[in-house]
Amino acid sequence: MERFAWKGRIKPGMQAEYKRRHDEIWPEMLALLKAAGIRNYSIWSDGSDVFGYYECEQGVVFAEKTQADSPIVDKWNNYMQDVLELVMDPETGAQPKLSLQFLME
């Protein structure tokens, strides 16, 4: 199992809307994340800064490819454009990976 972490920024004044959209996440988006082998997914915020973390049961490359190839993810990313500033890695189509600095299990 590999871990993946990403970061982004909620656009000014859009924190409540960002939260609402995740409270009402589409069932098809959840199904896609599960199909990508993503588990233990959480998103944290500090003001407008957001940090996401998940575990990839079938590896990060599989999770990235499954998401990059999905029209559901494209639709979700388009839906979130007005509330979230997110840089995507042009090679993987996913958020750039953060590098692990410490892990205590």
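Q: Why is Asp49 called partly exposed?
A: In this predicted model, Asp49 has a relative accessible area of 32%; buried would need a value under 20% and exposed one over 50%, so Asp49 counts as partly exposed.

Q: What makes Arg9 and Asp49 a salt bridge?
A: The closest N and O atoms of Arg9 and Asp49 are 3.0 Å apart, and because a salt bridge asks for a side-chain nitrogen of Lys or Arg within 4 Å of a carboxyl oxygen of Asp or Glu, the pair qualifies. Arg9 belongs to strand E1 and Asp49 to strand E3, and the two residues are 40 residues apart in the chain.

Q: How do you know that Glu57 and Arg39 form a salt bridge?
A: Their closest N and O atoms lie 3.5 Å apart, which is within the 4 Å cut-off, so the pair counts as a salt bridge.

Q: What makes Tyr18 a residue to look for in the largest pocket?
A: Tyr18 is one of the residues of the lining that lie nearest the centre of the largest pocket, together with Trp6, His22, Tyr41 and Ile43. The lining as a whole divides into 20 nonpolar, nine polar and four charged residues, and E2 gives the most to this lining, with six residues.

Notes
Residues numbered from 1 in each chain as written. Predicted model: local features only at pLDDT ≥ 70, side-chain atom pairs only at ≥ 80, totals over all residues. Heavy atoms only, no water. 1 Å grid on protein atoms, 1.4 Å probe; cavity = no way out; pocket = protein on both sides within 12 Å on 5 of 7 lines; lining within 4 Å. Helix = DSSP H or I, 4+ residues; strand = E, 2+ residues; numbered from the N terminus. Nonpolar A, V, L, I, M, F, W, Y, C, P; charged D, E, K, R; others polar. Buried < 20%, exposed > 50% of the residue type's maximum accessible area, 1.4 Å probe, protein only.
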